[in-house]
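My notes follow, in the order I went.

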Amino acid sequence: MADALSAVVDHLVPGRSGTPGMAGVRFSEIRGSTLIQFAAWPDSAVRAGAEAAKAVGAKLAPKPGRVTTGTDGTLLRVEPLKWWLISETAKAPSLSSEAGVALDLSQSRTRLHVSGRQAARLLNHVLPLDLSDTAFPEGSVSSTAFHHIGVTLWRDGTGFNLFLPRSFAVSLCEILIEIARQYGLEIA
């Protein structure tokens with residue numbers, strides 16, 4: 001995979017800003033991963049899910065809204081008939097047209113990792129989701145909206161991964177940075 005230019009590199013300047021003291025929110029952009037979308041037809045979800053699970057080295061595809069990690073990557077069930085494969089090494093597999101479509105979306109999304117003790121509170125300023133530990137625990141994923149723009153949120157063991165459409169990434173990052181300063185922001 002060719003190195004992609006970051007859409008937000010000029011806006012995510014490393015450093016500390018906002019309220020003094022310990023940073024309540026940390027941002028970092030995660031680059032270099034492959035993102036492949038598997039989309040199934042209504043009658044081929046089981047077969048397409050099995051192919052997606054095989055591509056990451058997992059036994060089973062996750063249920064809607066959940067994540068599975070295999071030997072070659074992570075599989076997110078972002079919609080009932082769609083899975084996202086996130087990997088450092090996987091390549092886009094072929095999928096028979098009867099099973100669905102596999103499409104490389106690596107260059108279409110900006111992936112921000114948001115962490116810190118105020119990360120959920122920050123995200124709740126812009127996302128209509130209950131991000132409490134019980135409602136959205138580790139291993140959860142949701143396709144939702146941020147200022148009427150479709151985004152995807154995945155909670156891992158260290159925080160939240162926010163996938164922003166590349167063409168809106170700058171303006172959505174500017175909004176997040178402005179809100180995050182009230183909690184103390186550190187950009188890595």
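This is a predicted model: local features need pLDDT of at least 70, side-chain atom pairs count only at pLDDT 80 or more; totals for chains, interfaces and linings use all residues.

**Entry 1**

I started with Asn 161, which is buried at a relative accessible area of 0%; buried means under 20% relative accessible area, exposed over 50%, and partly exposed in between, with a 1.4 Å probe and protein chains only. Residues are numbered from 1 along each chain as its sequence is written, and side-chain values use heavy atoms, with hydrogens and water left out.

Asn 161 sits in strand β11. Strands here are DSSP runs of E with at least two residues, helices are runs of H or I with at least four, and both are numbered from the N terminus. I checked the rest of the strand too: seven of the seven residues of β11 are buried.

Which side chains does the side chain of Asn 161 make polar contacts with? I found Arg 111 at 3.2 Å and Asp 156 at 2.9 Å. A polar contact is a pair of N or O atoms within 3.5 Å; within protein, one must be able to donate a hydrogen and the other to accept it, and residues adjacent in sequence count only if both atoms are side-chain atoms.

I also listed what Asn 161 touches, leaving out residues up to four places away in sequence: Ile 30, Arg 111, Leu 112, His 113, Thr 152, Leu 153, Trp 154 and Asp 156. Contact means heavy atoms within 4.5 Å.

**Entry 1: the seven-stranded sheet**

Next I traced the open sheet of seven strands, which runs β1-β12-β2-β8-β11-β10-β9 with mixed pairing. Two strands pair if DSSP finds at least two bridges between them. At the edges I found β1 (15-17) and β9 (141-146), each pairing on one side only. Neighbouring strands of this sheet are turned by 25° against each other on average, direction ignored; the axes are lines fitted to C-alpha atoms, for helices over the stretch in contact, and angles run from 0 to 180 degrees between N-to-C directions.

Then I went through the pairs. β8 and β11 are antiparallel over six bridges, and Arg 111 stands opposite Phe 163 in β11. On β11's pairing with β10 (149-156), I noted five bridges, again antiparallel. Leu 153 has Leu 162 as its bridge partner in β11, and Asp 156 stands opposite Gly 159. β10 and β11 make a hairpin with two residues between them.

β9 and β10 are joined by six antiparallel bridges, with Phe 146 opposite Ile 149. Their hairpin has two residues between the strands, and His 147 takes a positive phi near 55° there.

**Entry 2: helix α3**

I looked at α3 (169-180) next. The helix has 12 residues and reaches 16 Å from its first C-alpha to its last, close to the 16 Å expected at 1.5 Å a residue; that expected span is 1.5 Å times one less than the number of residues. Its buried residues are Ala 169, Leu 172, Cys 173, Leu 176, Ile 177, Ile 179 and Ala 180. Those cover an arc of only 165° around the axis, so they lie on the same side of α3; the arc is that of the directions from the helix axis to the C-beta atoms.

Gln 37 is in β3 (34-40). Buried or exposed? I have Gln 37 down as buried, because its relative accessible area is 14%. Its side chain makes a polar contact with that of Trp 84 at 2.9 Å.

The open sheet of five strands has the order β4-β5-β6-β3-β7, with antiparallel pairing. β4 (67-70) and β7 (100-104) are at the edges with a single partner strand each, so one side of each has no neighbour in the sheet. Neighbouring strands are turned by 20° on average, direction ignored. β3 and β7 pair over five antiparallel bridges, and Ala 39 has Val 101 as its bridge partner in β7.

**Entry 3: Leu 131**

Last, I checked Leu 131, in the loop between α2 (119-124) and β9. Leu 131 counts as buried because its relative accessibility is 3%. Its contacts beyond four places in sequence include Phe 136, Leu 153 and Phe 160.
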